[in-house]
Amino acid sequence: MAKPESWRLNPASYPVCAEFQTRFQDMDINGHLNNVAFAALFESGRVLLNRQVRPLGERPANERTMVAAVEINYLAEGHFPDPVEIATGIGRIGTSSWTIVQAMFQNGRCIATCDTVVVCRTDGQAKPLRAAMVAELEATMARPV
């Protein structure tokens, strides 16, 4: 695992940040947040970003998005009952896909990062992203501060 770039460890680098409560059921046998909990918390952060970029009711009926890949880098242990902050933004925009970049913070330190590749299919095929979608994604780019 490569060490994340330093800007990824700063919540101010991301346009969308939200706090999520950890749950007792999120713990593993050692009393740490388990890997499934990390994935679910990151998913909740992605949903907030997706709803901000394009509400579900405003999406074209023939356009579908799907997660193609998820990579989580665990940097430190997380603990219940402390909440986590999920910071989320767009990291890269491709021809028919984009990458959502995220970081998870607990008690002021980054405990994980996540990169998710999302693919857009129009009429069941990979086609170039619409200009309006690219503009919406560009408005939520994560950037070093």
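Cys114 is buried, with a relative accessible area of 0%; buried denotes under 20% relative accessible area, exposed over 50%, and partly exposed in between, with a 1.4 Å probe and protein chains only. The structure is a predicted model, in which local features need pLDDT of at least 70, side-chain atom pairs count only at pLDDT 80 or more, and totals for chains, interfaces and linings use all residues. Residues are numbered from 1 along each chain as its sequence is written, and side-chain values use heavy atoms, with hydrogens and water left out.

The closest cysteine sulfur to that of Cys114 belongs to Cys110, at 11 Å, which is too far for a bond. For Cys17, the closest cysteine sulfur is likewise in Cys110, at 11 Å, again too far for a bond. Cys17 is partly exposed, with a relative accessibility of 36%. The count of disulfides (pairs of cysteine sulfur atoms within 2.5 Å) is zero.

## Salt bridge between Arg8 and Asp115

Four salt bridges are present in the structure, a salt bridge being a side-chain nitrogen of Lys or Arg within 4 Å of a carboxyl oxygen of Asp or Glu. One of them pairs Arg8 with Asp115, with 2.8 Å between the closest N and O atoms. Arg8 lies in the segment before strand S1 (16-20), while Asp115 belongs to strand S5 (residues 109-122), so the pair ties together parts that are 107 residues apart in sequence. Helices (H or I, at least four residues) and strands (E, at least two) are DSSP runs, numbered from the N terminus.

## Salt bridge between Arg130 and Glu63

Arg130 and Glu63 also form a salt bridge, in which the closest N and O atoms are 2.7 Å apart. Because Arg130 is located in the loop between strand S6 (125-126) and helix H2 (131-138) and Glu63 in strand S2 (residues 63-74), this pair ties together parts that are 67 residues apart in sequence.

Glu63 is buried, its relative accessible area being 7%. Arg130 is partly exposed, at 29% relative accessibility.

## Salt bridge between Asp123 and Lys127

The side chains of Asp123 and Lys127 form a further salt bridge, with an N to O distance of 3.6 Å. Asp123 is partly exposed, with a relative accessible area of 48%; Lys127 is partly exposed as well, with a value of 29%.
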